[in-house]
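Let's take a walk through this structure together. Keep the sequence and the 3D view handy as you read.

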Amino acid sequence: MGEADRDSTAYYNYPRFDDYVAEGGDVADEAAFWASPRAGQRAPDYRLPRLGDDVQVRLSELWRFKPLVMEFGSFT
Amino acid sequence: MFVYTREAHPGENVAHHATSADKLACAALLREETGIGRDILVDDLAGTVHCAYGLMPNMTWVIGRGGRVAYKANWTSAANVEAFLDRFLAARGEHPPGTTPVMYETQQAEFRYPDRKRFTGQLLRNGPRAVAEFEKAQQLWALRAST
């Protein structure tokens, strides 16, 4: 990993958490969170596959008629 | 709704994702083991949605009807989200006659009390390496805090 690779898929999917922290990846992530849309601004809209049936779901369809709660996560 | 991202603490058992198929398989395993009942949407291998929403490992957003951000927290607290939704929906639904709701923005600090035993168990599920790497990261955070 290195500065030039920071936008790459391989950098995003880091294999070692301690190396990621040593390179400041966690600090950059926190900064990215605060640089993301603020309350009142339009939320980014994407289409994602739903686990199980692989249906492509558009986020804007989910928040069209009622508020949408989006939790992000993995095993940990 | 749950968005499955990269593995925050990859290890020998649940490794980092090298392919989209790896990622889908890990998401399916997560649902099987944790019983998440909500819809799980799986981000692409590059983390396009995760990047757009701010890259934190366990964050929660609430998007209001129509697509405006109503709430964002860099860590998930179900109780906090619930309390927010109660206030938000009540304020939108009921207001004094002759008035219209006007939105304003807040930013506030909250506290959480990590369950280290449970978290270590989750790290171990991913593999002993995930535990060791988290311990090293803690040393790095302590060093950062002291300088």
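What follows goes through the two chains one at a time and then turns to where they touch.

A few ground rules come before the tour. This is a predicted model, in which local features need pLDDT of at least 70 and side-chain atom pairs count only at pLDDT 80 or more, while totals for chains, interfaces and linings use all residues. Residues are numbered from 1 along each chain as its sequence is written, and chains are lettered from A and ligands numbered from 1 in the order in which they are written.

Let's begin with chain A. Its secondary structure comes to 4 helices and 3 strands; helices (H or I, at least four residues) and strands (E, at least two) are DSSP runs, numbered from the N terminus.

Now zoom in on Leu59(A), which sits in helix H4 of chain A. Is Leu59(A) buried or exposed? It counts as buried, because it has 21 C-beta neighbours inside 10 Å. The cut-offs work like this: a residue is buried if 20 or more other C-beta atoms lie within 10 Å of its own, exposed if 12 or fewer, and partly exposed in between, with C-beta atoms placed from the backbone. Leaving aside neighbours within four places in sequence, Leu59(A) is in contact with Asp45(A) and Tyr46(A); contact means that the C-beta atoms of two residues, placed from the backbone, lie within 7 Å. Tyr46(A) is 13 residues away along the chain, yet its C-alpha atom is separated from that of Leu59(A) by 5.8 Å.

On to chain B, with 5 helices and 4 strands. From the N terminus on, its elements run β-α-β-α-β-β-α-α-α. Buried residues make up 29% of the 147 residues in chain B.

Helix H1 of chain B covers residues 20–34. Its buried residues are Lys23(B), Cys26(B), Ala27(B) and Leu30(B). Seen down the helix axis, they fall within an arc of 100 degrees, so they line one face of H1(B); the arc is that of the directions from the helix axis to the C-beta atoms. Ala21(B) and Glu32(B), on the other side, are exposed. Strands S1 (2–4) and S2 (40–42) of chain B are among what covers the buried residues of H1(B). After the helix comes Gly35(B), with a positive phi near 70 degrees.

Finally, look at where the chains meet: 45 residues of chain A are in contact with 65 residues of chain B. Which element gives the most to the side of chain A that touches chain B? That is S3(A), with 6 residues.

Notes. Expected span 1.5 Å × (residues − 1).
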